[in-house]
Every structure is written in structure tokens, then in C-alpha cells.
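Try each task before you read its solution.

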Amino acid sequence: MKRIGVTGHRSIPDEVLDHVEEGLRAVLRGHEGPLEALSSLADGADQLFASIALECGADLTVVIPSGDYEEGFEGAEALDRYRGLKRRATQEVRMDFARSTDEAYYAAGTYIADSCDRLVAVWDGLPARGHGGTAEIVAYARALGKPVTVIWREGVARD
């Protein structure tokens with residue numbers, strides 16, 4: 001079974017959203033055989049990736065950074081999407097952190113990078129805004145020698 005993981009921004013500007021969706025579909029449909037998708041289901045890239053992966057028939061593995069992870073969602077809509085996707089997951093992996101901290105996010109991101117055959121990064125190419133951010137997880141995966149597919153439109157800045 002091929003395993004594809006995701007890391008990416010929580011905020012995806014409207015002018016790049018269609019490009020990101022097309023890129024995710026291309027990656028997730030561009031393989032042969034069974035597929036497992038790994039995601040922390042954060043708002044934005046993680047949820048979009050998981051949703052498209054499920055559409056493509058992949059098994060979903062959810063990597064939960066901390067015991068209080070649900071408390072960090074901004075707004076009922078994002079939390080509802082998270083819970084809905086989580087219910088559809090085949091497997092759930094929980095990091096051993098009580099609180100959502102940068103360390104917890106880093107642990108979840110590195111777990112995904114360690115566990116996948118390919119990492120998809122919805123990433124503007126800029127440095128991470130905190131420990132465990134997208135750029136840091138991309139660098140970690142590349143240091144492991146994992147193939148990384150970056151999906152973004154050059155010249156578009158995230159919020």
C-alpha cells in the first residue's frame with residue numbers, strides 16, 4: 001500500500017485554492033493500487049487533502065497532535081469538518097501530548113513524514129511561522145530522502 005502524507009497551511013488564499021485542489025487530485029489519483037492518506041486534519045490544507053483522498057478511495061489515517069486538539073479549531077465549521085473526516089478515518093494515531101503546543105505539532109508532522117512514502121506540501125515556500133510549521137516538516141522529510149511534492153502558485157502570498 002502506498003502512503004501519502006500532507007503538511008500545509010491552514011489558510012489558503014482564494015486565488016490559489018483551485019490550483020491546490022487540482023494539484024492534490026493529480027497526486028492522489030496518479031498512483032496504482034491501494035492508498036493510505038495521512039493527515040492531522042487541521043483546517044485548510046490537511047482537511048482539503050483528507051477530503052480529496054477519501055473521494056479517491058484512499059484509507060485515511062488521522063494523526064492527532066494532542067489531547068486538547070479539538071479546542072484549537074477556530075469556528076464551528078472547521079471543527080465540524082474535522083469531526084466528520086475523523087469519523088471516516090480507518091485509523092487514528094495519537095501523539096502523547098496533553099496540550100496543543102508547537103512540540104505536539106512538530107511530533108505529528110514528523111510522524112507523518114516518517115510514515116509516508118511521499119509528502120505533499122501545500123506550501124508557499126516561505127519559512128515556518130513556528131516550530132512544527134510547514135517549512136520545517138518539508139525540510140525534515142527532505143532530510144530523510146522522502147519525495148516531496150509542493151503545491152502552490154508562485155507569487156501568491158498566504159494570509
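**Exercise 1.** Is Arg 81 buried, partly exposed or exposed, and which residue does Arg 81 pair with in a salt bridge?

*Solution.* Start with the cut-offs: buried means under 20% relative accessible area, exposed means over 50%, and partly exposed lies in between (1.4 Å probe, protein chains only). Arg 81 has 34% relative accessibility, so Arg 81 counts as partly exposed. Next, look for a partner, remembering that a salt bridge is a side-chain nitrogen of Lys or Arg within 4 Å of a carboxyl oxygen of Asp or Glu. Arg 81 forms one with Asp 43, and their closest N and O atoms are 2.5 Å apart. Arg 81 sits in helix α3 and Asp 43 in the loop between β2 and α2, so this pair ties together parts 38 residues apart in sequence. Helices (H or I, at least four residues) and strands (E, at least two) are DSSP runs, numbered from the N terminus. Asp 43, at 26%, also counts as partly exposed. Finally, widen the view: Asp 43, Glu 77 and Arg 81 are linked in a network of salt bridges.

A word on the model: it is predicted, so local features need pLDDT of at least 70 and side-chain atom pairs count only at pLDDT 80 or more, while totals for chains, interfaces and linings use all residues. Residues are numbered from 1 along each chain as its sequence is written, and side-chain values use heavy atoms, leaving out hydrogens and water.

**Exercise 2.** How many salt bridges does a search of the whole structure find, and what does Arg 3 pair with?

*Solution.* The search finds 9 salt bridges. In one of them, Arg 3 meets Glu 36, with the closest N and O atoms 2.8 Å apart. Arg 3 belongs to strand β1 and Glu 36 to strand β2, so the pair joins parts 33 residues apart in sequence.

**Exercise 3.** Which residues have the most contacts inside the largest nonpolar core?

*Solution.* First, the term: a nonpolar core is a set of buried Ala, Val, Leu, Ile, Met, Phe, Trp, Tyr and Cys residues joined through side-chain atoms within 4.5 Å. The largest one has 34 residues, and Val 20, Leu 24 and Phe 49 have the most contacts inside it. Elements giving two or more residues to this core include β1 (2–8), α1 (14–29) and α2 (45–55). The largest share, 7 residues, comes from α2.
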